[in-house]
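This report covers chain contacts, helix packing and charged pairs. Please keep the structure open while reading.

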Amino acid sequence: MSHSQIKETDFEPIHYEQSDAERIAGESTSFWKDAWRRFKQNKLAIIGIIVILLLTIMSLTGTMISGQNYSDNDLLNANQSPSLEHWFGTDHLGRDLFARTWYGARISLFIGLMAAFLDLIIGVIWGTIAGYLGGRVDEYMMRIADILSGVPYLLVVILLMVIMPAGLWTLIIAMTITGWIGMARIVRGEVLKLKAEEFVMASRSLGASTTRIISKHLIPNALGAILVTLTLTIPTAIFTEAFLSFLGLGVPAPKASWGTMTSDALSSLRYYPYQLFFPAFFICLTMLAFNVVGDGMRDALDPKDRR
Amino acid sequence: MFKYILKRVGFIFISLFFIVTITFFLMQAAPGGPFTSERKVPPKIEEQLNEAYGLDEPLIIQYKDYLVNIVKWDFGPSFKQKGQSVNDIINRSFKYSLILGFEAIFLALSVGVFLGVLAALYHNKFGDYAAMIFAVLGISVPSFILAAVLQYTFAFKLGLFPIAKFDSFMHSILPAVALATTPLAFIARLMRASMLEVLNSDYIKTAKAKGLSSRVTIYRHGIRNAILPVVSYLGPLVTAILTGSFIIEKIFAIPGLGNEFVESITNRDYTVIMGTTVFFSILLLFSILIVDIIYGLIDPRIKITGSKGDQ
């Protein structure tokens, strides 16, 4: 029976300092890092981001790849099926559909992003003022928004498009006139909720100015909700553009957008269904990508609602 | 309750007043007069035309006349369709839109709620994923593209349905499906989220704990509570169906009001544009009011008069 030798040194206290208990073992993480980690787990959303990036790149370079112009008529080669020369075929005026599709992508994405951006600016300013000031001002500002949104969005846009000269910016302005209301409501709700929280009170009692509270505390904390709304506004804008172009109120010829291409293709759908396929496919793909990314962002930024 | 409805109706009239005013002045600002055409009308005749339609009056008188006529439910004559008043056009075409609209709403509600409940009951299983993939696709595919694809495959290629027009029930199926899909997908997602929330709540656990069958738990305690957000979506649903009908009716050549509206835009028939806009707005504002009243009636948490007792 042999005991292991117990030495004097075994009874010495191990080195310990009070501060060790406070040491943070893991890497510290911020709200945005956390959100990004959650977002990365959503494979669909990552695919959506990649698709959006590819579409953006193609919309900028796609018109140059095939060596065809988007607006050149070539009546001898009208309504050609996809071939080596015309990758997506040609339309009823012999215009190259590959070039038109990517030129249309540029217009559709530009309108979508621009309308969403203007909605963002107006909505955030309107919502912040209404939510922060509250009371009478809030009531009047939101009443105006209510009256504006009482008329259906598309009806207003259509009326405006009827009286304004056709063009890209007309389309964007018409879409912004009622489009900002959704954003304003979201921002107002967030600001109302946030301004009652302790950290805002603490900041104010430390003497922070209104501008500082708004720019440093309210808007950054509402950014999650703003971003999600923004991402989901873009597909709506792209849809509205396509819808209006389809009614003949969109971008004027020879400019192409996916909506006008769909509309053109529909009249000869029986004979040349491929003409509908490409613009329709890319509208759906773009809307799908933005919707999926928007959903992923909502799940990542708002962990309470996660299911 | 009565006071609430009165207040809402008052608000509707204020909104309508703004809408009528804005459409009136927008249409006045539109380029070109109602009798502008390729063929020049002799000035004498144009004068007489203007006089006949009251267009020689000052703008403010015209505006007042228009307001008075709207109150009398008279939207004036059409400038492009000879001998037709806007009222005639609405009376003639609205019934088609109404049938199509109700069919689409019914479809969107029944299938949407069903899919949502299915997804919630099979949460994170195959049924859930299938229903939600369908919902995301439904939201992402614009109605007019779906309409074109349906028309091409089912009517033209397979010959299962009539291609266009609106004469029988078979005619209405494809347009109703095209019109209903996007709102259907929204409803499915809404229903799934709210059903999941309800299924995790304490009263469902209580119901299960006291030994109620899963059928009773799901139907009586689950769906009845979970359906409330869907009811509040009915207002936007009516809007979506109505604006969606513009294009769907055009694609399927249905002689409904949406088609007339699109037609009047293409023809720049200003009185018809104005009249249908006002008519659509009245329709929408009142259907949203009705939806809100229904919501107040069915939400068990909003009790208007005393307790209703157990049902």
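Contact here means heavy atoms within 4.5 Å. The model is predicted.

## Helix packing in chain B

Start with two helices of chain B. B:Ile89, B:Ile90, B:Arg92, B:Ser93, B:Phe94 and B:Ser97 lie in α4(B). They meet B:Leu257, B:Gly258 and B:Glu260 of α12(B). Sorted by class, this contact has four nonpolar, three polar and two charged residues.

Two packed helices are described by the angle between their axes and the distance between the axes. Helix α4 of chain B covers residues 86–121, and helix α12 of chain B covers residues 257–267. Their axes are 7 Å apart, at an angle of about 130 degrees. Angles of 65 to 115 degrees would count as roughly perpendicular, and those over 145 as roughly antiparallel. The angle therefore makes α4(B) oblique to α12(B).

## Overall make-up of chain B

Chain B has 13 helices and zero strands. Its pattern along the sequence is α-α-α-α-α-α-α-α-α-α-α-α-α. Along the principal axes, the C-alpha atoms of chain B fill a box of roughly 85 × 55 × 30 Å.

## The interface between the chains

Chain A brings 35 residues to the contact, and chain B brings 44 residues. The area buried between chain A and chain B is about 3500 Å². Carbon and sulfur atoms give 79% of that area.

Three residue pairs are in polar contact between chain A and chain B, counting pairs with both residues at pLDDT 80 or more. On chain A, the elements that give two or more residues to the side touching chain B are α4 (135–150), α5 (153–163), α8 (210–246), α9 (258–267) and α10 (273–301). Of these, α10(A) gives the most, with 11 residues. The residues on this side of chain A divide into 26 nonpolar, three polar and six charged.

## Salt bridges

Side chains of opposite charge can pair when their charged atoms come close. How many salt bridges does the structure hold over all chains? The total is nine. The count between chain A and chain B is one. That bridge joins the side chains of A:Asp295 and B:Arg189, at 2.7 Å from N to O.

Another of the salt bridges lies within chain A. A:Arg188 pairs with A:Asp138, with the closest N and O atoms 2.6 Å apart. This pair links distant parts of the chain, 50 residues apart. A:Arg188 sits in helix α6 (residues 168–195) of chain A, and A:Asp138 sits in helix α4 of chain A.

Key: Residues numbered from 1 in each chain as written. Chains lettered and ligands numbered in written order. Predicted model: local features only at pLDDT ≥ 70, side-chain atom pairs only at ≥ 80, totals over all residues. Heavy atoms only, no water. Buried area = accessible area lost by both parts, 1.4 Å probe. Salt bridge = Lys/Arg side-chain N within 4 Å of Asp/Glu carboxyl O. Polar contact = N/O pair within 3.5 Å; in protein donor to acceptor, adjacent residues only side chain to side chain. Helix = DSSP H or I, 4+ residues; strand = E, 2+ residues; numbered from the N terminus. Nonpolar A, V, L, I, M, F, W, Y, C, P; charged D, E, K, R; others polar. Axes fitted to C-alpha atoms, helices over the stretch in contact; angles between N-to-C directions. Parallel < 35°, antiparallel > 145°, perpendicular 65-115°, else oblique.
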